[in-house]
Amino acid sequence: MSEPVLATHGLCKRFGALTATDDVSIDLKPGEIHAIIGPNGAGKSTLIAQICGGLASDTGRVDLLGRDVSHLDTQARARAGLGRTFQISALAMEDTVLDNVTLGALGATARPWRFWQPVTKNAALKETAMAALERVGLASDADKRTADLSHGQRRQLEVAVALTLSPRAFVMDEPMAGLGAEGSKQMTGFLDTLRAEAPILLVEHDMDAVFALADRISVLVYGRVIATGSVDDIRQSDEVREAYLGESA
Amino acid sequence: MIAERWINCAVIAGILAVLVYALVADEPFTITLLTRVVILALAAVGLNIALGIGGLVSLGHAAFFGLGGYAMGVLASHAQTFTPLDLGFFTLPGTKSMPIIWLVAVVVSALAAWVIGLLSLRTTGVYFIMITLAFGQMFFYFSISWSAYGGEDGLSIFVRNSFPALNTLVPVQFFGLCFVLLCFALLLFHRLKASPFGLALNAARQVPERVETVGLNPMRLKLVAFVISGAITGLAGALFADLNRFVSPTMFSWQLSGELIILIIIGGVGRLMGPVVGACLFVALEHWLGGLTDFWHVWLGVILLMIVLFARGGLIGLLTGKEGAHV
Amino acid sequence: MTLLLLIEQVLNGLQFGVMLFLMAAGLTLIFGVMGLINLAHGSLYMVGAFAAAAVAGATGSFLLALVAALAAAALAGALVEIVVIRRLYGKAHLDQVLATFALILIFSEGTRWVFGSFPLFLDIPDYLSGPVTLPGGIEYPLYRLALIIVGLLVAAGLWWLTARTRIGMQIRAGENDREMIAALGVNISALYTLVFALGAALAGLAGALVGAIQSVQVGMGEPVLILAFVVIVIGGIGSIKGAFIGAILVGLTDTLGGIFLPELFKLFMESGAATQTGSALASMAVYILMGLVLIWRPTGLFGARA
């Protein structure tokens, strides 16, 4: 057994009377894709925010590479090796596609305090940025305004920004959301190759993608993990069927 | 449509053409007016870093303008009365030397911007606007109640401060100094906007959550922008005080903060020459409309309303046919 | 420094506070419901004061003057909402700031055009002038006492309006969910105009009431507006309760600071320097209060948690 790259231990978050996450303990091992599924309102977004640092947990702990990062803010967790993508694209729409990935490359250097040299003259930044665009197939759109990209291209750009960080673990919030069948298939193929680079914690509604990609699946219902297992385990679990698949199927 | 680069060149050429005309026709008042344009533009270039790139709608930049002005007023008044400036634990002599005054103005307004920024950047949006406005007003009332430096009446400086090897009493020489400083500030704005810092700041304006997830601190980026911005506006304040040889609490007034934003909006937010175009237009309107009617602010209000409702992108936006300053 | 002086100053602070509340309530309501920052709120305060001064001058009746102030400010508010403000909902704050700043210029210079640059005077009516003796033998101006009572009554009325009436329910719903109340069949643009006019009327009332103890002049609204902003920042945007508590805090801090800080400094400084330092510091007191609240709670005492 290899050490997990990312692990949560008993994460809880309450909003008043509502328990959004309840004692969530999951982990992410090297080379795997671990999918989190669950009906709307199951607490997936809360869990992501707790892992990535947007929300402070009431109790519980987040470990990254064996180190407790619970008390670090979002920036510090990113620098520690978390690469996150957003469900609703968080991109600088007024700027070019290249600008957006360059921001990621700049974040990876952690040296934004350079006020004089134009960013376009910085070969290292540009190289990292273009390499990431190349990998998601957006290289030819580098000079386009981000607002002019199609929805699917924005999802790709979202992943490209995370790539520039060379993270130790990816946390992806519904990367397939809003993609058509073709786009979804492409993204699935891409994520499949990505896992060798760093493991992916994948929150996703698209069941075809989840079943095609996941090494393990955890099912989150009302803030609790009711089952964790392989694709087959989850398909066959009566509990899951009843709590989740039964409703949506 | 016209390329922005040509408009920028035309603006600088226009200013210099008016200068040449004023020199040939021997109209020192026109040079003074032109110096006013340049200084207001400098103050607005400062604000444009916070507002245009960082998206920080500061309605309190008069605080820095005023601090720069008072830095000049306080130092020069001590120099002209030959009394040392008592800072409690040590004393300083006053000075009439522009470079020293500028340095003090920049440092003092940068410090103030740092403190105000630390407090007001804890919030965003409307809170930020109201808080910067309130802190600006705080300096206004402070300057009124601080009677040692003139209180409500302000401070007069009898002779313009000096600059090595120049005679600043000659209007065109003082204009030249201000113009060179403006050009430096414009160069800084241009480089800053294209620099890694500018890229990150520009992203922090649009998607702070993204900036965080790539490991950068959007608040710190904005704070640094706010400090640089305040320092430049403070420098402009020191020049403005030297132009009038007078400082008073009106340099701290909230109307001035509003007017600085107006300059930028008229010209074009986040554009290199937006503040310069805005300042030209503003002073021209002030001079021309102000000569026609005592109530020229009504017309300024109407023009401003029309720009906000119908011409986003300002004058440069109209001319280039591009609404946004970016891409 | 006697107890009597202290009580008198507390009453003065209270009086200032409730008048600030009239301004802040409208601002916070307009922001809470429509998401709009309105710099021109101070102009509506001025409109109320000028309307009152003009009507009082023509008829000699203070009550008619107050009615005129309410009506003129509400009318100006409704007109401005329909012509300009309506186009600003959902726009960037920068646009709102600029457009309402433009309105200030238009209102201020327009008023100067009509009434001239000299201040007008609005007299306190005979039946409210002179001092009144409070329990404990404190002499206090009757008119200022009346202002406190009117302010408290308006605060109670606003609380009743938002908590107990159908229109208040719609207003509160509007803060939470615009689509929802539109779906419920409420005419949202009429509701917005109404809320704006209500806020304007409150500002106009404050302008008229304060106009009788200060002079009525162009530019009188903006200092009050900025203090009302401080109130809202302290109380939390959108909260009427926060506006009330913030207003009282600011009113008391400003009034008591101006009196007591110079005295305080005299304890350990020589008199001239103490007066200067004290009064300079007093002029900053409310802003320092605001800074402290910001450090403690960035969204204000009763603001929504981010």
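## A quick tour of chains A, B and C

In chain B, buried residues account for 57% of the 327 residues. Keep in mind as you look around that this is a predicted model.

**Chain B as a whole**

- If you count the secondary structure of chain B, you get 13 helices and 4 strands.
- A compact globule of 327 residues would have a radius of gyration near 20 Å, and chain B comes in at 19 Å, so the two agree.
- Take the contacts in chain B between residues at least 6 apart in sequence: 76% of them link residues at least 24 apart.

**Who touches whom**

- There are 2 pairs of chains in contact, and the pair sharing the most contacts is chains B and C.
- Chains A and C don't touch each other, and their nearest C-alpha atoms sit 11 Å apart.

**A sheet in chain A**

- Chain A has an open sheet of 6 strands with mixed pairing, in the order E7-E8-E9-E4-E10-E11.
- At the edges of this sheet you'll find strand E7 (82-85) and strand E11 (224-229) of chain A, each pairing on one side only.
- On average, neighbouring strands of the sheet are turned by 15 degrees against each other, ignoring direction.
- Helix H5 (residues 151-164) of chain A packs on the sheet, where it touches E7 and strand E8 (169-173). The direction of helix H5 makes about 170 degrees with that of E7(A).
- Zoom in on strand E4 (residues 33-37) and strand E9 (residues 200-203) of chain A: they run parallel and are joined by 4 bridges.

**Leu36 in chain C**

- Look for Leu36(C) in the loop between helix H1 (3-34) and helix H2 (41-59) of chain C.
- Is Leu36(C) buried or exposed? Leu36(C) counts as buried because 23 other C-beta atoms lie within 10 Å, and the cut-off for buried is 20 or more.
- Setting aside neighbours within four places in sequence, the contacts of Leu36(C) are Ile30(C), Phe31(C), Ile85(C), Leu88(C), Tyr89(C) and Gln96(C).
- Leu64(C) is 28 residues along the chain from Leu36(C), and the C-alpha atoms of the two are separated by 32 Å.

Key: Residues are numbered from 1 along each chain as its sequence is written. Chains are lettered from A and ligands numbered from 1 in the order in which they are written. This is a predicted model: local features need pLDDT of at least 70, side-chain atom pairs count only at pLDDT 80 or more; totals for chains, interfaces and linings use all residues. Helices (H or I, at least four residues) and strands (E, at least two) are DSSP runs, numbered from the N terminus. The radius of gyration is taken over C-alpha atoms; the globule rule is 2.2 Å times the number of residues to the power 0.38. A residue is buried if 20 or more other C-beta atoms lie within 10 Å of its own, exposed if 12 or fewer, and partly exposed in between; C-beta atoms are placed from the backbone. Two residues are in contact if their C-beta atoms, placed from the backbone, lie within 7 Å. Two strands pair if DSSP finds at least two bridges between them. Axes are lines fitted to C-alpha atoms, for helices over the stretch in contact, and angles run from 0 to 180 degrees between N-to-C directions.
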